[in-house]
Every structure is written in C-alpha cells, then in structure tokens.
Amino acid sequence: MRRSDEWLVLMKTTLGRFEQLARRVRELHSYEVPQIVAVPLVAGTADYLEWIRRETSPDSGE
C-alpha cells in the first residue's frame with residue numbers, strides 16, 4: 001500500500017481563465033494527472049462576485 005500526503009487546494013477564477021489556470025497547475029504539479037476540476041458558482045453575494053471579477057481580470061497585476 002502506498003501512502004502520501006495530499007492537500008486540497010481551491011483556486012478561484014472565472015470560466016474564461018480556467019484553461020490558463022489549469023495549464024499552470026499542470027506545469028507546477030508533480031502528478032502526471034492532477035485533479036483539476038471546475039465547480040459552477042450558482043449564487044453569491046454581489047460584492048463577492050464583483051471581487052472575483054475584479055481580482056481575476058487580466059489587468060489585475062497577476
């Protein structure tokens with residue numbers, strides 16, 4: 001039996017930037033096939049949704 005430590009990491013982005021994020025995770029991750037999934041956001045407060053939009057815009061200073 002093989003044992004190893006794993007961490008669940010949540011990253012927030014927009015659907016339009018998902019592929020860019022997924023590419024970067026693949027570049028950095030040690031697994032051959034890391035778990036990279038998108039979970040739909042079906043509701044949220046207006047201020048939080050605006051924060052996500054603002055923070056993930058291409059000119060947010062990545």
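The model is predicted, so local features need pLDDT of at least 70 and side-chain atom pairs count only at pLDDT 80 or more, while totals for chains, interfaces and linings use all residues. Residues are numbered from 1 along each chain as its sequence is written, and side-chain values use heavy atoms, with hydrogens and water left out.

**Overall form**

- The C-alpha trace spans about 45 × 25 × 15 Å along the principal axes of the chain.
- Carbon and sulfur atoms hold 55% of the accessible surface of the chain, which comes to about 6200 Å² (Shrake-Rupley method, 1.4 Å probe).

**The largest pocket**

- The largest pocket contains about 1200 Å³ of space.
- The 28 residues that line the largest pocket include Val9, Leu10, Met11, Val37 and Ala38, which are the closest to its centre.
- A pocket is an open set of points on a 1 Å grid over the protein atoms alone, where a 1.4 Å probe fits, with protein on both sides within 12 Å along at least five of seven lines; lining residues have an atom within 4 Å of a point.
- Its volume is the space filled by probe spheres set on the points, which are joined across faces, edges and corners.
- Helix H1 (18-28) and helix H2 (46-55) each supply at least two residues of the lining, and H1 gives the largest share, five residues.
- By type, the lining has 20 nonpolar, four polar and four charged residues; Ala, Val, Leu, Ile, Met, Phe, Trp, Tyr, Cys and Pro count as nonpolar, Asp, Glu, Lys and Arg as charged, and the others, Gly among them, as polar.

**Residues outside the helices**

- Val37 lies in the loop between H1 and H2, and at 56% relative accessibility Val37 counts as exposed (over 50%).
- Gly16 is in the segment before H1 and, at 74% relative accessibility, is exposed.
- Gly16 and Ser57 are 41 residues apart in sequence, and their C-alpha atoms are 9.8 Å apart.

**The aromatic pair**

- The structure holds one aromatic pair.
- Tyr48 and Trp51 form a stacked pair, because their ring centres are 5.8 Å apart and their planes are at 25 degrees.
- Rings of Phe, Tyr and Trp (its six-membered ring) pair if their centres lie within 6.5 Å; planes under 30 degrees apart count as stacked, over 60 as edge-to-face and the rest as tilted.
- Tyr48 and Trp51 are separated by about one helical turn, because they are three residues apart in helix H2.
- Tyr48, at 33% relative accessible area, is partly exposed, and so is Trp51, at 35%; partly exposed lies between the buried and exposed limits.

How values were computed:
Helices (H or I, at least four residues) and strands (E, at least two) are DSSP runs, numbered from the N terminus. Buried means under 20% relative accessible area, exposed over 50%, partly exposed in between (1.4 Å probe, protein chains only).
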